Amino acid sequence: MIGPFGNITPFHLDILKEIGNIGAGHAATALSSLLNKGVDMKVPSVKVVSFHEITELIGGSETIVASVFFRVNGEAPGCMFFMMPSLQASHLIGQLTGEHTEDWKEFSEMAFSALQETGNILSGSYLSSLSDFTGLKLHPSVPATTVDMAGAVLSWGLMEISAVSDYAIVIETAFTGMNDQNGESLKGHFFLLPDPDSYRKIFNALGVPLDE
Amino acid sequence: MSEVKKIGIAGIGTVRVPQKIRTAGLGSCVGVVLFDETRKIGGMVHIMLPDSSIAKNGEFNEGKFADTGVRLLYKMLVSEGARSLKAKLAGGAQMFQFSGGGDFMRIGPRNVEAVKLELKTLKINVQSEDTGGSYGRTIEFNPENGELHVKTASSGINII
């Protein structure tokens with residue numbers, strides 16, 4: 001593979017996947033104790049995807065999603081998103097606050113706050129395990145929350161990488177476990193989008209440098 | 001029969017009547033439409049970043065940047081016979097509100113500024129725009145009547 005990613009092999013993607021798994025494990029534990037019920041985070045997929053495909057992962061660029069955005073600061077900067085389709089988000093909010101609003105346009109301040117806090121807890125535990133694993137200092141910015149079109153939100157995170165490439169490596173994590181009224185499990189996604197220069201730092205820290 | 005051509009992120013394309021052209025999920029990106037009213041042809045580019053000088057490798061997708069994207073769209077339309085071009089813009093939002101964060105956070109407004117600068121160089125007037133704010137937009141242009149439909153998640157369709 002060429003471009004800003006250097007020679008990223010399936011082996012490197014597997015390592016990112018393993019990190020994702022560990023992070024997801026911690027995040028699931030955190031979410032379980034918040035909701036007081038079992039939450040499972042699925043094996044993440046780690047993919048090299050084009051800008052177009054990245055929005056397809058969440059259901060198309062016009063899908064309305066609730067998103068919590070963080071800038072990752074520290075030694076390997078990047079962007080991080082926690083995203084849920086708006087209807088799923090309203091079920092999550094219902095479980096957290098007892099407030100049942102199907103229409104995202106009527107989400108209260110409390111609802112946004114619950115969403116933001118969930119994103120905060122998840123990303124915090126995710127990042128701290130990534131940080132433990134790599135020995136790199138990483139910390140999230142204050143979160144920003146919005147409900148809008150997936151494409152509009154995600155393109156924000158692609159800004160850094162887009163200066164050098166039309167592709168991004170997406171570390172995707174899906175969680176399931178909580179149920180909505182119909183007994184269907186809620187699904188959410190994590191996207192970790194390291195800045196172009198951060199890949200090298202992460203792999204170096206893991207002892208598997210990218211060959212020039 | 002109305003066929004709609006879809007433009008992705010950093011994509012570029014042209015249409016003539018009865019085709020329409022559309023791009024979805026503009027956040028801080030800017031959708032630029034150039035069109036010739038009398039000849040009923042038009043084109044669209046989905047711009048991500050203001051300036052191609054930050055492209056770190058030699059080859060890049062011209063549609064991604066305001067300077068190269070607007071120029072390429074102009075050339076494409078002229079080669080297809082367009083003469084008197086006008087512009088319409090949408091997008092350039094600031095999706096998240098942060099304190100601090102610097103230029104990175106202001107990318108939407110900077111994209112709009114860069115597009116206007118390039119249009120000025122090409123002596124193309126901006127006929128209408130729906131830019132700024134903090135929400136996403138999906139746009140669809142019809143070269144038949146020069147209408148640009150701007151759809152947002154919260155307030156429906158605005159025609160500019």
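Reply: A disulfide is a pair of cysteine sulfur atoms within 2.5 Å. For C79(A), the nearest cysteine sulfur is that of C29(B), 13 Å away. The model is predicted, so local features need pLDDT of at least 70 and side-chain atom pairs count only at pLDDT 80 or more, while totals for chains, interfaces and linings use all residues. Residues are numbered from 1 along each chain as its sequence is written, and side-chain values use heavy atoms, without hydrogens and water.

Me: Is C79(A) buried or exposed?

Reply: Buried means under 20% relative accessible area, exposed over 50%, and partly exposed in between (1.4 Å probe, protein chains only). C79(A) is buried, at 1%; C29(B) is buried too, at 0%.

Me: How is a pair of aromatic rings described?

Reply: The distance of the centres and the angle of the planes describe it. Rings of Phe, Tyr and Trp (its six-membered ring) pair if their centres lie within 6.5 Å; planes under 30 degrees apart count as stacked, over 60 as edge-to-face and the rest as tilted. The structure holds 3 such pairs over all chains. One of them joins F69(A) and F81(A), tilted, with 5.1 Å centre to centre and 50 degrees between the planes. Helices (H or I, at least four residues) and strands (E, at least two) are DSSP runs, numbered from the N terminus. F69(A) lies in strand 3 of chain A and F81(A) in strand 4, 12 residues apart. F69(A) is buried at 0% relative accessibility, and F81(A) is buried at 0% as well.

Conventions:
Chains are lettered from A and ligands numbered from 1 in the order in which they are written.
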